[in-house]
Amino acid sequence: QMQLVESGGGFVHSGGSLRLTCVASEYNLKLYAVGWFRQAPGKEREGVFCINPEAETEERTWSADSVKGRFTISRDNAKNAVYLQMDNLKPEDTAVYYCAAAYVRYCSEIEKIYNYWGQGTQVTVSS
């Protein structure tokens, strides 16, 4: 059973940056599609960003319109990790952020394709 652990959340002021890290144990994360999701208080969980498995020749990521130009996603295969770099953070980015992994060819913002989920990390952005 793959274990995913997120870290890097915290409290920042509007305009600040954070880098979230998702590390996998037991499995080689580069073989998996990885998605980042978030859930704000009182709201449904939503997709934020995702990245295809490393083996796919088509480099594909998906991102929500609300984070385009501010967030980026990347892999660090040596550390079996996926990062979510979040810049120019806004109060509406406040949420618990989750990473998820799926052994599929293409990543997606659709939650149900993901088999493995982390416990989440809190991101709070003040105005």
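**Aromatic rings, strands and loops in a predicted model**

In this predicted model, the charged end of arginine 19 is placed over the ring of tyrosine 83, at 4.0 Å from the centre of that ring.

Tryptophan 117, by contrast, counts as partly exposed because its relative accessibility is 24%. Elsewhere among the aromatic residues, Tyr27, Tyr32, Tyr103 and Tyr116 form one cluster.

With regard to the fold as a whole, the secondary structure of the protein consists of zero helices and 11 strands, and the pattern read along the sequence is accordingly β-β-β-β-β-β-β-β-β-β-β. The radius of gyration is 14 Å, which agrees with the value near 14 Å that a compact globule of 127 residues would have. Taken along the principal axes, the box filled by the C-alpha atoms is roughly 40 × 30 × 25 Å. Of the 127 residues in the protein, 47% are buried. When contacts with a separation of 6 or more are considered, 60% of them are accounted for by residues 24 or more positions apart. The accessible surface of the protein amounts to about 6,700 Å², and carbon and sulfur atoms contribute 46% of this area.

Among the strands, β7 (residues 71-76) and β8 (residues 81-86) run antiparallel and are joined by six bridges. Aspartate 76 stands opposite alanine 81 of β8, and four residues lie between the strands of this hairpin, where asparagine 80 adopts a positive phi near 55°. Alanine 81 is also one of the residues in contact with threonine 21, whose place is in strand β3. Threonine 21 counts as buried because its relative accessibility is 14%. When neighbours within four places in sequence are left aside, the contacts of threonine 21 include Val5, Glu6, Ser7 and Trp36, as well as Val82 and Tyr83.

Most residues other than glycine have a negative phi. Glutamate 26, however, has a positive phi near 75° although it is a residue other than glycine, and its place is in the loop between β3 (18-25) and β4. With a relative accessible area of 70%, glutamate 26 is exposed, since the limit for this class is over 50%. Asparagine 88, which is likewise not a glycine, has a positive phi of about 50° and lies in the loop between β8 and β9. The relative accessibility of asparagine 88 is 42%, and this residue therefore counts as partly exposed.

The loop between β3 and β4 also holds tyrosine 27, a member of the aromatic cluster described above. Tyrosine 27 counts as partly exposed because its relative accessibility is 31%. Apart from residues up to four places away in sequence, tyrosine 27 touches Gln1, Met2, Tyr32 and Asn80; of these, Tyr32 belongs to the aromatic cluster, while Asn80 is the residue with a positive phi in the hairpin of β7 and β8. Between tyrosine 27 and leucine 4, which are 23 residues apart in sequence, the distance in space is 9.8 Å from C-alpha to C-alpha.

Methods: Residues numbered from 1 in each chain as written. Predicted model: local features only at pLDDT ≥ 70, side-chain atom pairs only at ≥ 80, totals over all residues. Heavy atoms only, no water. Buried < 20%, exposed > 50% of the residue type's maximum accessible area, 1.4 Å probe, protein only. Phe/Tyr/Trp six-rings, centres within 6.5 Å; stacked < 30°, edge-to-face > 60°. Lys NZ or Arg CZ within 6 Å of the ring centre and 35° of its normal. Helix = DSSP H or I, 4+ residues; strand = E, 2+ residues; numbered from the N terminus. Rg over C-alpha atoms; globule rule 2.2 N^0.38 Å. Contact = heavy atoms within 4.5 Å. Areas by Shrake-Rupley, 256 points an atom, 1.4 Å probe, with all protein chains shown as cover. Pairing = 2+ DSSP bridges.
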